[in-house]
Amino acid sequence: MSKLKNGKETRSGEDPMRHENTIGASDLASILQASNAESSRASHRATGGVVTVLVPAHNEAEAIIETLESLGQQTRRPDRVIVIADNCTDNTEQLALAQGAEVICTVGNTDKKAGALNFALGQLLEGADPDDLILVQDADSQLAPDFIENAVSHLGSDDKLGAVGGVFRGGPGGGFVGHLQRNEYSRYARDVKRLNGKCLVVTGTAALFRVRTLRGVSLARTQGSLPAGNGRGGVYDTSVLTEDNELSFALLTLGFNILSPADCTLVTEVMPTWRELWAQRLRWKRGAVENCVQYGWTKVTRPYWGRQLLSMVGVLVTVAYLASIGYAVGSGAGLHLHAFWMAVTGVFVLERIVTVRLRGWKYMLLAATMYETVIDLFLQAVHAKAYMDAMFNKKKVW
């Protein structure tokens, strides 16, 4: 099924998790208590535990060197870096080995990124110390030099934290569509910063977990407290389009918090064409909708359902707005300016200007022209398509 190259032997050890029939609040407390006891017995461990980085990569020859170099420049160097070369047909594997990384090659994995990660985690978690740390990051993302140091510090300061993610900005390239995505990511970073790192999703770009937390997720899947995923206790759910979104739901359902602190930053690739952006966002949006359906209406999912509702209202308002303009022009009634709607438009313009502040005053002036309406309408169309695909259960495309 796979091979480990340039690798190190993992330690053997007994899984500290006790198996119960279900996991409720008291059961979760028992799991955490058992894990903490295990941690005490392992007090010889260095502060923060061993940090292992997993980099799932499918034909990432163009980006893998830069990604591994960013790991080599960390102020808190990772103890192991493992590239999971998943069905690669380029020289990703050779480049990773040349950079000193360990490489696991999957053969016949049909479950995409989630399947590749499950396979690697299946080998790592069994022998790891409960307080060891696993950083999962995309092969096309480069961490800021202090990312791991800061993420380890945040995770170590709060036992209720299930994962620490990153605040990303868009990388170079992509022309106009790349520029629009960089603006979009800048607004996301601003929102997360204003909320002191509180986030809805710990994205797959980069996220740090404790070994014991991931073991808890695996256990809950086999015992029915979380969606079964691959049915074999895989940490990641291989049946969904957005495995990072689903894992965030899983952690929150088990009572953990998630965080994307402002001091954990990274750069990630932008989609270079409208076609690729469409495919990426359709997958994200449909995945998010289906994750909500998967978990149902719970205390955890209510905010996510709320966002879905707002998105649907936005789509309907956009359709009504464009239809009203079309009717006015087509019927000969003409367009008339009203003070109320001018005021509403002014609010929208102000929002565009203020929210892109992190990119500087030149981008703020540009935003005042409302030229970004093109991507707003584009994303509205993606939303509508995602809802239709989910509703009619069209074939999923990664």
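Arg 286 and Glu 290 form a salt bridge (a side-chain nitrogen of Lys or Arg within 4 Å of a carboxyl oxygen of Asp or Glu), and their closest N and O atoms are 2.7 Å apart. Both sit in helix H9 (residues 274-295), 4 residues apart, which is about one turn of the helix. Helices here are DSSP runs of H or I with at least four residues, and strands are runs of E with at least two, numbered from the N terminus.

Arg 286 and Glu 290 are both buried. Buried means under 20% relative accessible area, exposed means over 50%, and partly exposed is in between (1.4 Å probe, protein chains only).

## Where the model comes from

This is a predicted model, where local features need pLDDT of at least 70, side-chain atom pairs count only at pLDDT 80 or more, and totals for chains, interfaces and linings use all residues. Residues are numbered from 1 along each chain as its sequence is written, and side-chain values use heavy atoms, leaving out hydrogens and water.

## Pairs that reach across the chain

Now for Glu 372 and Arg 187: their salt bridge has its closest N and O atoms 2.8 Å apart. Glu 372 is in the loop between helix H12 (361-367) and helix H13 (373-391), while Arg 187 is in helix H6 (residues 175-194), so this pair links distant parts of the chain, 185 residues apart. Both residues are buried.

Asp 159 pairs with Arg 212, with 3.0 Å between the closest N and O atoms. Asp 159 is partly exposed at 34% relative accessible area, whereas Arg 212 is buried at 8%.

## The wider picture

The whole structure has 14 salt bridges. Lys 113, Asp 138 and Glu 243 are linked in a network of them.
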